[in-house]
Amino acid sequence: MSNRSLRSSSSGQARAKQAMTRRGWTQAYLATEAGLSTRNSVWKFLSGRPVERYIFMELCFQLGLDWEEIADLPPGEDNLANVDDDIATEAGDRPAMETAAPHHHPNLEETYLAVKTKLRHQFFKQYGRVQSSFNLTQQFALDDIYTDLSLLPHLSHQQWLEIDDLQGSLLQGVIQPQPMGFSIQEAIEHHEHLVILGRPGSGKTTLLKYLALQCYNSQIQPDYIPVFIPLRDIERYQQHEPDWSVADYLQTLLAIEEITPELQTELLRQGKFWLLLDALDEIPRKTSEKFLEKIQQFVQSFPNNNILITSRIAAQNYFFTGFTYLEIANANEQQIKSYIKNWFNQPNTPRDNGKISKGDQLLAHLRRPENRFVLELAKTPLLLELICCAFQERAQLPSKPAKLYKEGLNVLLNRGSRSQAFQTDYGYNELTLPQKLKLLSEIAARMFEQGYFYFEKDQVLLIIQQYLASIASTSISGDLLWLKSENVLRAIQVQHGLLVEQAKEVYCFSHVIFQEYLTAQQWVFRKKLAIADAIVNDPEIIAQRLTDPHWQEVIALAISLAPLADDFLRQLKFQLDRLVASDAGLIAIIEYLGTKSKSLQTDHKPVAIRAFYLGILYDFGLNLATRLDRSLSENPHQEISLDLQLIRILSLAKSLAQNPSFEQYLNLGFALDIERKFSLSPALTKALQICKEQLPSPMEEKSALWQWWRVHGPDWYQGMKTIVCQHHQLGCVAELSPNQSNLLRQYYHGLVFFHKCLHSGCYVSPTVQAELENNLLNYEPSTSSNLS
């Protein structure tokens, strides 16, 4: 070899790169240590190009390497000539890897397979297992835990929809059908260059790792070498390598002896790589423009390689030419089911000895009506994992759902705040965590109290501006306040995904339950239920709120969050009593229920008896009564059972008089045969016998039967009603108007809800709990002035 220069062998290049990695050195740093003015010689040294002998030896010395083991020392004059030709290039010029002349590789396919095999081994060691986000001792095999995601062809935040389009169906309890999506496999088969957008926690990173794994296993894209790259790693790389390119970074990343610079260039030219670039949103905005240009340049230089980029939806403000944009859809029921089964079927997951697996138990819990909001959270993969962790130990969801909502909120708040990419979000990162929560609670409560689950951008910006102004130590100019509020809104979207742009400049909370939880938190902060402020003298509006599922959820959450719920519960019962306190007819019903319960000599709770008769007389059912006293359903008193049968007779008779049918007529006959089951007074037996004799024979023609019921049925029903009233004091209260019936029904459902709150595990004094429960459906004239 010429005395003037040396070049490193393929194995020597790999050893040199490993030595740099161990030391944490960059090319620029090594150049400085070796006393070089530029890093050009370092780059040549690492890429196998000729370097002057004394520089080569100095670089090896700095890295602690034996230069003779690193140098490529080929015999023969041909190689010497090649070396001298290379040295003849300008010392300061750095050859562009993208434009280097291709070298001949007679065994390229064989080399490609060897490269893919070695990289596969490295990938499995680094990414083959997934660490649980919530349990540091728990890991999963990537291919075992992964669950398919669906992709949407249209980006939600680019829809031209109005608030009414979105809000109407939600308020009516109608679930909007999810747009038809397609699988990731379909997407990568039809699109070589993709950008996949998703909310925080939607599974973007796991998706890319799984795709790389499947590619290495030749399940998808078998002709490609997958390279998974967290883009924050390239961001750190470019801080030390200002003249970098994507191809440069690949050479640094793929530090194995089989990949020479020439081979990498040839593989890139032939389109053998599949770059999986994760988390574009984590690139700081101050360097993002140059960063994005580098990616676009790479695509233009090597267009035959496949590229898939992920980013958070709200952070996407740059559009790559020639890329298709898709959005990750919320997980559907089948995907939730699949993930849960995968999660609980892991070898290291504790198992139950019972016949029903914990996965099936959790699915059964999520299908319960009371867990509908937990099921909504499960549509986000990160929060679904939280739910699985919460369920694992006790095979129960938390008795207080607020604990789960709080943890889910904290997970999303902390997830974005850890990233260095978001530390420059002007205006937002000046806020402390309590201030961020207070701001979110203010947005949630203000919008909720006005009846908005979707709101215009200007509405939320106004709330942010007012909040920022309220906590500022000095006055802030209008322009600066506007700029800060814009940045804060964007940061909440990008960092946490708690506010999402559901359509153009139309926002909502990522999950309805987060808005309701934050609203409840705000109410607790105010030390009183907001319902008492917003609604003062209108019982109908109060009734509407107490029977609205969204308001009920907020009220229940506020009660569960209160350090002591005594005052909240008293206030809620006060509002319930107001519903009937101003109506004489409804007061008469409450008084009747009290009289009826006192007339019975039973061991059942008086409050449960009052609820029982309200339920059977007005067709509300026995839900509240059995909640108050389970023995009413398991072992009811004989007289209570008789009253229930008499009410059933009245109900059948009324129905026959209005719309007769043969089935109901037969049921009435069976119901009237009550002497076999109950001991009746002689007077009641005689009165019932007279009524039975008035009925036509069931053997008559149906037309004659129906004619009898249409003509005589109403009178027969009234006669039966008089008998039941006289002998058992049932049905003696005057008929209600439609408005009274509606108000009484709302009152009943409000009582059911109140009882649920009372026993929701909230912090309530035992004496207050017993007092409030025992006084349900109990009208006391001495306190009527307090309820008017």
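In the predicted model, helix α3 is followed by Gly-48, whose phi is positive, near 80 degrees. The helix itself, spanning residues 40–47, is mostly covered, with eight of its eight residues buried. The buried set consists of Asn-40, Ser-41, Val-42, Trp-43, Lys-44, Phe-45, Leu-46 and Ser-47.

The chain as a whole provides the setting for this helix. Its secondary structure amounts to 39 helices and 14 strands. Of the 788 residues in the protein chain, 52% are buried. Among contacts with a separation of 6 or more, 76% are made by residues 24 or more positions apart.

An open sheet is formed by seven strands in the order β6-β5-β11-β7-β10-β9-β8, with mixed pairing. Strands β6 (182–183) and β8 (225–230) stand at the edges; each has a single partner strand, so one side of each is left without a neighbour in the sheet. Within the sheet, strand β9 (residues 273–278) pairs with strand β10 (residues 306–312) in the parallel sense, over four bridges. Leu-275 has Ile-307 in β10 as its bridge partner. Helix α15, comprising residues 285–301, lies across β7 (193–198), β9 and β10. The direction of α15 is at about 160 degrees to that of β10.

A further pairing involves strands β13 and β14. Strand β13 (residues 499–503) is mostly covered, as five of its five residues are buried. Four bridges join β13 to strand β14 (residues 506–509), and the two strands run antiparallel. Val-500 has Cys-508 in β14 as its bridge partner. The hairpin of β13 and β14 has two residues between the strands, and Glu-505 in this hairpin takes a positive phi near 60 degrees. In a regular strand, side chains alternate between the two faces of the sheet.

Leu-480 belongs to helix α23, which covers residues 478–496. Leu-480 counts as partly exposed because its relative accessibility is 31%, and the partly exposed class lies between the cut-offs of under 20% for buried and over 50% for exposed.

Technical notes
Residues are numbered from 1 along each chain as its sequence is written. This is a predicted model: local features need pLDDT of at least 70, side-chain atom pairs count only at pLDDT 80 or more; totals for chains, interfaces and linings use all residues. Side-chain values use heavy atoms; hydrogens and water are left out. Buried means under 20% relative accessible area, exposed over 50%, partly exposed in between (1.4 Å probe, protein chains only). Contact means heavy atoms within 4.5 Å. Two strands pair if DSSP finds at least two bridges between them. Axes are lines fitted to C-alpha atoms, for helices over the stretch in contact, and angles run from 0 to 180 degrees between N-to-C directions.
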